[in-house]
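Here's a quick briefing to read alongside the sequence and the model. Grab your viewer and follow along.

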Amino acid sequence: MTTPMQPTGAPAAWPDTYGEDAKPRVGFFTDTSICIGCKACEVACKEWNLIPEDGRVWTGESYDNTSALGANSWRHVAFVEQRKPLRLAEPFPEADARAGEAGSAGAQPAEVGVADLRWLMASDVCKHCTHAGCLDVCPTGALFRTEFGTVVVQEDVCNGCGYCVPTCPFGVLDKRDLARSPDDAPLALPLFGKKEDGRVWKCTLCYDRLKGGLEPACAKACPTDSIQFDELDELRKRAERRLEKLRVERWNGARLYGQDAGDGVGGFGAFFLLLDEPEVYGLPPDPVVPTAHLPKLWRTTALAAAGLLAGIAAAFVGGRE
Amino acid sequence: MGFLELVRSWPVLKQLDGDPLGLGKAAQSERSRTLRPRVADADHVARSICPFCAVGCAQLVYVEDGQVTQVEGDPASPISRGRLCPKGAATKNMHAGPLREYKVKYRRPYGTEWEELPLEQAMDMIVDRILRTRDETWEDETPEGNPARRTMAIANLGGATLDNEENYLIKKLCTALGIVQVENQARI
Amino acid sequence: MPSLGTTFGRGGATTFQQDLMNADCITIMGSNMAENHPVGFQWVLEARERGAEVIHIDPRFTRTSAMATKHIGIRAGSDIAFLGGVVNYILANDRWFHEYVRCYTNARVIVADEFVDTEDGDGLFSGWDPEKGRYDVTTWQYKGMTVHGAAGQREEGFKGTKGEQSGHGGHGGGLEHGDPPEEDWDLEDPRCVFQILKRHYRRYTPEFVADACGCSVEDFLWYAETLCRNSGRERTGAFVYAVGWTQHTVGVQLIRTAAIIQLLLGNVGRPGGGVMALRGHASIQGSTDIPTLYNILPGYLTMPHTEDYGGLGGYVERTTAPAGWWGNADAYIVSLLKAWWGSAATEENEFCFEYLPRIDDDNSNYWTVQQMLKGKVTGYIVVGENPAVGSANGRAQRLALAKLDWLVVRDLVEIETAAFWYDSPEIESGELVTEQIPTEVFFLPAASHLEKDGSFTNTQRLLQWHYKAVEPKDDCRSELWFYYHLGRMIKARLKGSKDPKNRPINDLTWEYGTHGETHEPSAEDVLREISGWDDKGQMLAGYKLLKADGSTSCGCWIYCGSFADGENKTARKKPHWEQSDAALEWAWAWPANRRLLYNRASADPYGNPWSERKQYVWWDPEQEQWTGIDTPDFDEEKPPNYVPSSGAKGPDAVAGDHPFIMQADGLGWLYVPQGLEDGPLPTHYEPHESPFDNPLYSQRANPRRQQNKDLDEDPYNPVDGEPGSELFPYVVTTYRLTEHHTAGGMTRFTPYLAELQPQMFVEVHPDLARERGLEHGGWATIVSMRSAIEARVLVTDRMRPLRMNGRVVHQVGLPYHWGQRGYTTGGAANDLAHMALDPNVHIQEVKAFTCDIRPGRRPRGPKLAAFMNELRERVEAERGRAPRREPEEARET
Amino acid sequence: MSTNGSVTAVGSQMRSYYGRPIVKEPVWQRQVPVYFFTGGIAGACSVLHGLGRVTRNDGLAKTALYVGAAADLASPILLVSDLGRPERFLNMLRVFKVTSPMSVGSWILLASGSASATAALLELAGRLRPVKWAAEAVSFVTGPPLATYTGALVANTAIPVWSEARGELPWLFGASAAASGGAATILFAPSNSAGPARRAALVGAVAELGLAQLMERRLGFVGEVYRQGEAGRYGRLAKSCTAAGAALLAWRGRRSRLAATVGGALLLAGSAALRFSVFEAGVQSARDPRYVVATQRERLREKEHA
């Protein structure tokens, strides 16, 4: 059995803890080269999972008014406007030839603005990591690895301790309807019976739909199949083929993100084809599951505990006064 | 649940049974174990068409206890292949949105408030208005003496968001009434 | 659209969305398909993934541009210049599809000697009448065409309706049989259409295009070559457009230009080719086929005009084409009259033809609004539309509503049109005062599509049935319920009335089954009536069976057969994986369930596919019939070598190698001798409001465009050259976003959509922002002579300034979804727009007009009215005309 | 890039995604840093109390026992009150996860808390001595980890300034615990038996100051948040209080009760301020994506060289 501390590409507790009931590991491949930024994924997700509408704030950040993943946004479409060519395309020979024929003298600058312009759109979602920090640190077992190899918060268990929130390298999880920052939270003791939901929410990869043999709502809605749902092994093969095609077509900056089982989280269950560095989309360039350091951290903690004991013991040398 | 079951259902003990880290099955709640998609409980599924743009995506409408519980794409459609855009995906939200109106509202001339009005009475009043205006403004002929058989004082607008059958009745009734100013979004 | 109608014979899209997958080159122009038809766009991406070029030619860099293999930015309103350049490129470089053009188009036809082209008339075609402000089209006819003596006057008689009438089903004028009188198969006669076309576009050189459109010569040449390279026997290219083309004062001619290109390249009637018209509403095609439009009857039969004479006989004579499928117009109109007046419609009383009301030149929506302002239209029923936000010049729309005696609004939510009397910019500014508005308003809650049965006709002429899922709550009712019971109650009131004006109501057939507690009428009963039956009560299989003797009844001849043999064909839902790519058993398409129109042209004159790769419908010598993966758009048994006898009429008069069977000559019309108001050939004119002069002619804009010169509520910005034009230096274009729908009634009130685009914004380039001191994320006020609105500023490289003749022009982008109400509110872009119209279809020009933009929020309250008055007076002063006054309301506060 | 002029197009100069955070900042409220503090006191006190018993210093032992028990009782209340669903606090005992410092910590707190509480009660009642001894033993054993695991808890997150300090935080919290535990005991212990507590507090305070310094230096760029905003203010407060308190204790703590009390109070304040400083540093570190990107880009460069 693998422990989450060594990234090996196989999640802990799956499939072994499910025995017969284990299903093939499934996930998403989000191919941003065909994302039209329509946000159908965001809406389809909210409709199926009955997620509350969460505020109407115009950001001016291109067409993105969702801004980030959170308790009430389990899909988030990022919009990035760049002065870069979409493809490193070669000039079209005939055109120049014709240009001669039609006698076009003095070619003038294309546009006053920049000719090369691209508008990247990418639908972000929980990565359902092979080694998931949120899952590892959840003290209640509300977060668990399902029979499909996905990571799900159980709303009937979560007590809103919030430990998973800062532990996710991608900032996916968040607490619903609680003061966003400690600064504006009252130091009320105790806060029993508060009205807020108070639990942590994130993409479940439509766990209930999977159990019914249905594909997740976002993938089903996606008009261009930019969001593809399937068995993870199949998706990884498909992604490799896709990347190859885009390389041949000289797409600018095409790369896979999160398909590598050797990365810091043992590969994503929901991975991506991006057209630029991850941070451009608001994604970490080299995510590592915090618990990867836990064995060492535990040793440090034990030593520190011993140190504390020793230190205080030393204080007993030299009398009572 | 008896005490023993309660103890046995305690995940910490389940951990001892093959899930020492408590990351998998041991942590699964009973609710999660027996979870099913709500569409599985639908009384019936209506096959519909998206009401927004003219692409004509097919929709599956799941109904439970007379309420729409889910609207999603119909994979059988050769046009949409089960996919929907954000508007189509928000169909349920539009259909049952908090701002949806369910009651007739009436504003009398120079009135400052909406008033309530029974549907039947509203229909009666509308019939009155149509017939009165039609009688008052009927043109049997044009000033040049050409046949007209119309009223130019009543107009009807809208249709591109309606069904063919509805447009048919609109055109048929208005034409019979001599209302020629029948228009729709085709000009917009 | 008359553009497609006059060119090909039918007003509908020539192809279907899935077929875009087969294209080798897709030109998206006048459309933002990825944003406004996202699910249909999957077929464009399928083509792209198969290696097709996808070119987006648009003033803005949109989500469609982001997905295209190439985006070419052009100035809004310069499309004809660009496409005309393509026509010139095709002809100058001999890239046209010779056999196709010779055999399938009217390129070879000789045109009357009297015809004078705009190139020789400085922007005017022959027949221009400055007094009437319209053309006499007699000089546009084919040479030697036996036009009836009175034709001239009769054209006069048709006026406004003419375009629509023949437009939606091209007519052949006086063509006695299939072939035009004089032709030159070598296309060398200087008077033949081909040579006229060549001369007409000769000046549309790459350099001219670059200057007029603001694109580069290289980009233009690359595009023209790419398009040609992807046409011919082995390859096909498709055009995709939407209201980005329609909403211009030259909208119809604009679309015509693309239709001409497609004919020249042989891309019509073939897989992966054609012109895909993308409609904007669920059933906008249906509401034109079964028109809620003033000037046509179901199936594009024209409404009788006040100046028409001769009753049914005269009508039939005018409507019937001697050749082609319009040859049976008598059967279509008689069957319609039978459907409406049943047993009361007899041969003796001309099947109640006289019951039909008559129209004038233009009784369209914008004309109606002006009648409201004049107090002549006093009753208004608005169903599922929101003119207070969605129509051009919103202020005029709302001022008009305030003049009504009574208004009925039926919608899902309380839209601006229902609330104008207490919640509108005019109430805020004091131009309207609630206590002084006489309008009696009835708001009736409507049923959603989930609460009713019925059929939508989508953008590819496909009738798709949707079933009721749940019962409507409380007072919510379908439009079917409303109009059925309205009619029932009216019939009851008028029962036994002797007044002749009520006979059309008394005799009207109005028997539809009802069900449920609300007595909802049966939509299927209505569809049965639309589809039609014979005198034995047998449901008809198709329009070929319609008769003119009153023995058949059919509510819409092009929908005839949608309920053939008692089966609701529109409700067929056979999965696509169980049938061919054409999916003929999914729903039902008009005409006769054909999915790709004019598909006879996918085969050569001898009936063989042009190529293996592009075979679709062909002649099977063994079976002696046309066959293929689609329903042939041709007489199944008519062989390719069929030649009509001289006496042949109607369909029989169309030869076996003439694919455009709705046209009297069976040909695709590069040149349109009749059917259009503003010319037989598309010509570049500037928009009604433009910061530029016409580079070709002293005739600046479309001479035939409809203007409201004396309507105070519709003042125009000074244009290039006029004093005061410097006040409105920018081109503004309006559009939709994926996240919202049209005037917002279905989306601004929907939480999940409102949060995705939560505020009205304006898109500008950094240079313009700098020029005007606009701050990203701040506020801007956009101003025209009509109104001033405010919006948040989105500074983006996607709004590219263009250089024309060394002069830089900035374009301002405005989504038009917002209004006063709903979860997300904001300025209505249409408040800025004017009501100058295209002469053929009376559509407003909201894709290209002029404006000013300033930093900061707009004046509030009465200050807004004052601000606008000051502006208008200043402009009028500069124009040296008497300043216009505001309507009464304005002065009373 | 549009260079001339101030106006630039949206996104045209973006290095991150509109400067938005990559990781989420903690949703914890102030109870949590307070608990780090009380937990530290409880842990250190159970050690003082245990060793006090061994060394027959009953005055010290009793005081430490009561103080520790008090802190142990406050801790769960603080934690529960921070939960989004407090009524579900028992779910903390639903599983035992070695992969979760909070899970392990909950069990430690349960053991330590109930043990010292039991011991304290029995001490008061003077009954059931064997049970009391057992409880005292448990409390003694669980004390040190209770004081240091909170360091692991914050270190085991994706927040750069915490995660990068995983080598120091447990030590820092341990030292701070000694300082605060000792200080808290001094306040109530009879002066004739408070010596070990005072010295423990001194040792802790000195270590706390040193470790904090070490941590900030080693964190480098990521550690700059400790010099900014709330974290910076709390940090400076912590250092000055701790330094002053330590100095006072060392100088007069033995002889003057007043000095001992003031010094102890200062150390307590310093220790508490330290926990707030660390907590706020985490919040600030999460808010700026540069810290995430910089550390990870650096890591990637190292990987390439390796």
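B:Ala155 sits opposite C:Tyr380, a residue of β10 in chain C. That puts us where strand β7 (residues 147–157) of chain B runs parallel to strand β10 (residues 379–383) of chain C, with four bridges joining them; strands pair if DSSP finds at least two bridges between them. Strands here are DSSP runs of E with at least two residues, helices are runs of H or I with at least four, and both are numbered from the N terminus.

Keep in mind that this is a predicted model: local features need pLDDT of at least 70 and side-chain atom pairs count only at pLDDT 80 or more, while totals for chains, interfaces and linings use all residues. Residues are numbered from 1 along each chain as its sequence is written, chains are lettered from A and ligands numbered from 1 in the order in which they are written, and side-chain values use heavy atoms, leaving out hydrogens and water.

**Where chains C and B meet**

- On the chain C side, 168 residues are in contact with 114 residues of chain B (contact means heavy atoms within 4.5 Å).
- The two chains bury about 12400 Å² between them, 63% of it on carbon and sulfur atoms; buried area is the accessible area (1.4 Å probe) that two parts lose on being put together, summed over both.
- There are 11 salt bridges across this interface, a salt bridge being a side-chain nitrogen of Lys or Arg within 4 Å of a carboxyl oxygen of Asp or Glu.
- One salt bridge links B:Asp135 and C:Lys501, with the closest N and O atoms 2.9 Å apart.

**Strand β29 of chain C and its partners**

- Five of the seven residues in strand β29 (residues 849–855) of chain C are buried, so the strand is mostly covered; buried means under 20% relative accessible area, exposed over 50% and partly exposed in between (1.4 Å probe, protein chains only).
- Strand β22 (residues 730–735) of chain C runs antiparallel to β29, joined by three bridges, and C:Val731 stands opposite C:Thr850.
- Strand β24 (residues 779–783) of chain C also pairs with β29 in the antiparallel sense, over four bridges, and here C:Thr781 has C:Arg854 as its bridge partner.

- A cis peptide bond runs from A:Trp14 to A:Pro15, with omega near -5 degrees; A:Pro15 is in the segment before β1 (26–31) of chain A.
- C:Trp590 and C:Pro591 are joined by a cis peptide bond too, with omega about -5 degrees, and C:Pro591 lies in the loop between β19 (588–589) and β20 (617–620) of chain C.
- C:Tyr598 is found in the loop between β19 and β20 of chain C; this residue has a positive phi of about 55 degrees despite not being a glycine, and counts as buried because its relative accessibility is 0%.
- A:Asp225, not a glycine either, has a positive phi of about 65 degrees, and its 31% relative accessibility makes it partly exposed.
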